[in-house]
Amino acid sequence: MSHPVPPARVPPARRPDLPPVHGAVICLAAPCLAISPEHGQLTGRGLDGIYRSGRRLLSRCLLRVAGRDPVAVQGRSLGADRAAFTATVRTGAEAGPDPDVGVERIRYADGTERITLRSFTTRPLRLPVEVSLGTDLAELAEVAAGRAGPEVPAGVHASGLRWSTGEAQAVTAADPPPDDALASAGLLRWQFELGPGESRTIELRTTPDRGARAPAGQVANPLADARAEGDDPRAEAWFRTSVEDLGALLLRDAREPADAYAAAGVPWRLGLAPAESLWAARMALPLGTGLAAATLRTLARTQHGGRDPDTGKIPGPLRGAGPQLPPSCTGTEATLAFPAVLAEARRWGMPEEEVARLLPTAERCLAWLRGALGADGFLADPDGGPRRCETQAHAHRAAMLGADLLAGCGRPGAEDWREWAAELRERFSARFWVDGVDGGRPAAALHPDGRPLPRLTGAAAHLLDTGLLGGGKLAPGLLDRVRTEQLARLLGAPAMDCGWGLRSMAAREPGHNPFGHRSGAVRAYETAVAVAGLSQAGFEKEAVGLLRGLLDAAETFGFRLPEMYAAEQRTAGSAPLPHPAACRPAAVAAAAGVHVLTALAGIRPDAPAGTVALVPLPGAPLGALRLSGLRVSGEPFAVRVSRLGLGMVEEAADALQLGV
C-alpha cells in the first residue's frame, strides 16, 4: 500500500545580507549622500553612488586618462561632506616607471565632483580624458536588497547626460562641457593640452533635475561651533569630527521644515529614529539646546492621542535585542526619554517659554508611564514581554527628572513622582539583583513569569545614568552605593572592557558573539554612557579605562566612530575590527564623542538658578583640556581642566555664577 508523500518543507525566506560598508568612504550632508570605494571610482556595484533623499542618482562614474585607468594612491575624508581620492597615470610620454600625470578627485555629498589633472612632464602633453556614467535610479532599500535593476538609458543633456524613469530623473552636467557625449555608452570625452606643470579641472554636478546645484547644508545647523584642545591632540580631532558628523546628519521634519533632528545613521537609517535622535540631542546639549528643542517638537507631533492604552506614547519601531530577548520597542524608550531630555535641556538653558510649550507632551508621557506599569510594578517592553533592566532605569530617570521639571515649572505632581520612583527603587532592589559569590550583578531582565535573566550586558550602564537635577546635583539611581560599586567593578573588568570599549554582553556569557550587535559588540553609545556614569559616580579607574579604549578606537576609525564594532580582546599590536553592517556615521556614536569629552570637565549647569558647577574627572586622564564655544544659558561657555584635574570657567554668561 502506498503512502502519500508529505509536502516538502519550504524554508523561510532568508533576509538578504546587507552589503558591507566598513571599507567605504562616506560623504554626508543629509539628505545628500555619497558612498565611494577607497579608490574613488564609482563602479555601479554594491552601494557605490550619489544619493539624494534615499534615491541613487548616479551609480557609475569611471574615469580614464590617456586610455588608462588611474592607479589609486589614497582615499581620505576631508570632512563630513567631502572626500579626496588621489591617483596617478603613466602615459608613456616620459621614459621610466614614474607617473607623469596626477589625478585628484574631490567628491561632495551634494553630487559635485571636481577632477583635477596635473602634468608632471617636461614637455607639452595631449591628454584624452573620458568619464563613463550610469545610474539605475534605484531606492537605497532596493540597492541594499540586491534588487536595484538595470541601468536606465541615458540621453544627452546640454552639457552632460540625463536619465529618466516614470518616478525619477537625474542629470549630470559637466564644466567645461565635453567635446563629445555618447548617450548610448554613457560617455563624456575631452581632449586637453597641458604644458609642463599645468593642470585642468572638470567639474561634474549630479542633481535630481535640470536646476542648479542644491546647497550642501540642507538645514540651519543649531549646534554651536565648539572645539576642544589640549595635551592630547586626538581630543581636538575627535570633538571636531563628532560635531561635524552630527551636523551632517541633520534632517528637516517633513511636517515642520524649520525643525531639524539627527538622523539615526547612514547608510541604512537616514531618517528619524525616535529614541536615538533624542539621545543624540541630549548628549549634544553642551552645544546648545536648539537640537533638543527641535527634536522634542518633532516627536511631540507624533505622540498618540485619544483614550486608548497608547495615549501619550511616542511611536517607534521594534529593535532587535540579540538572541537572549525579543525585540524591544524604541517608542517606549523615546517616551521615557522625552521628559528627561526636556528637564535637562531646561538646566542647560532652554528658554522657559519653549519649555512651557513642550511641557504638556512631557506630562502625557509621564501619564502613559503610570498607566503602562505592570501588576508586578515594572515596565514591560514590549507590552507583555520582559522587564528589561535598562527600561526600568529609563523609567526611573523619567520619574525623577519629570518631578524636577514639574516642580520647576510650577506644575502639580512632583512629589507623587518622587514617591513613585522611590517605590520602584525598592522593587528593583528586591527583584533585579542577582546575588553571587563575586558580589552579584543586575539581571538583564525579568521574564514575564518573574524569573531573572542573569546575563551581564552593556545595557546595565544605563543604571549609572541617573540624570541631572538642579543645583548641580545628580538624581539618585536604582542601585545603592554598594551595588553601584559592584557594577563599576564589573564594567571595568576584562569580561566587559575589551580594551576598545564596553562589550554589549560579557565575554563569558552563553551566546556571546564579538560581532553580535546586542550580544557582544562594542556600542559606542553605551560605552560613552558608562564613561560618563562612572565618572559622575566617582569610579575614576573604570571610567578612564573605558575612555582610553574608546578614544583609541576612535583614532583607528579616523575619529568617525561606527555605531558598533567587534569586541575582540585587545592585544599588543591589534586594532578594533569594524562591523560590516554598522552605520558610520551614526547619531549616537557621533554624539558620544561630545558626551565623553564634556564629561571629563564635569559641567553641571542650572540655568534657571543662574549657576554652573564643575566636577571634573580627577587625574586629568588626557592631560590639560580646554573646551570652548559651548553653550550654557544660550551664551558662549568655555572651561579648562588643568593637568592636576582642576576645572576653571574661562567664559560664561554674565549672569551665571559658579556653583559648588
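Student: Is Glu-151 buried, partly exposed or exposed?

Tutor: Burial is read from relative accessible area: under 20% is buried, over 50% is exposed, and partly exposed lies in between, with a 1.4 Å probe and protein chains only. Glu-151 has a relative accessible area of 39% and is therefore partly exposed. Please note that this is a predicted model, in which local features need pLDDT of at least 70 and side-chain atom pairs count only at pLDDT 80 or more, while totals for chains, interfaces and linings use all residues. Residues are numbered from 1 along each chain as its sequence is written, and side-chain values use heavy atoms, with hydrogens and water left out.

Student: With which residue does Glu-151 form a salt bridge?

Tutor: A salt bridge requires a side-chain nitrogen of Lys or Arg within 4 Å of a carboxyl oxygen of Asp or Glu. Glu-151 forms one with Arg-60, and the closest N and O atoms are 2.8 Å apart. The two residues are 91 apart in the chain: Glu-151 belongs to the loop between helix H1 (140–144) and strand S12 (154–157), and Arg-60 to strand S6 (residues 60–65). Helices (H or I, at least four residues) and strands (E, at least two) are DSSP runs, numbered from the N terminus. Arg-60 is buried, at a relative accessible area of 14%.

Student: How many salt bridges are there by this rule?

Tutor: The count comes to 46. Among them, Arg-346 and Glu-352 meet at 3.1 Å, N to O. Arg-346 counts as buried because its relative accessibility is 7%, whereas Glu-352 is partly exposed at 38%. Salt bridges also link Asp-253, Asp-259, Arg-297, Arg-301, Glu-354 and Arg-357 in a network.

Student: What is the distance between the closest N and O atoms of Glu-276 and Arg-319?

Tutor: In that salt bridge it is 3.9 Å. Glu-276 is in helix H3 (residues 274–283) and Arg-319 in strand S21 (residues 318–319), so the pair ties together parts 43 residues apart in sequence. Both Glu-276 and Arg-319 are buried.

Student: How is a pair of aromatic rings described?

Tutor: It is described by the distance of the centres and the angle of the planes. Rings of Phe, Tyr and Trp (its six-membered ring) pair if their centres lie within 6.5 Å; planes under 30 degrees apart count as stacked, over 60 as edge-to-face and the rest as tilted. The whole structure contains 4 aromatic pairs. One of these is formed by Phe-378 and Phe-432, edge-to-face at 5.2 Å centre to centre with 75° between the planes. Phe-378 lies in the loop between helix H6 (352–372) and S23, and Phe-432 in the loop between helix H8 (414–431) and strand S24 (433–434), so this pair ties together parts 54 residues apart in sequence. Phe-378 is buried at 1%, and Phe-432 is buried at 0%. Another pair, Phe-557 and Tyr-565, is tilted, at 5.4 Å centre to centre and 50° between the planes.

Student: Which residue has its charged end over the ring of Trp-417?

Tutor: A charge sits over a ring if NZ of Lys or CZ of Arg is within 6 Å of the ring centre and within 35 degrees of the ring normal. Over Trp-417 this is Arg-370, 4.2 Å from the ring centre. Arg-570 likewise lies over the face of Trp-500, at 3.9 Å from the ring centre.
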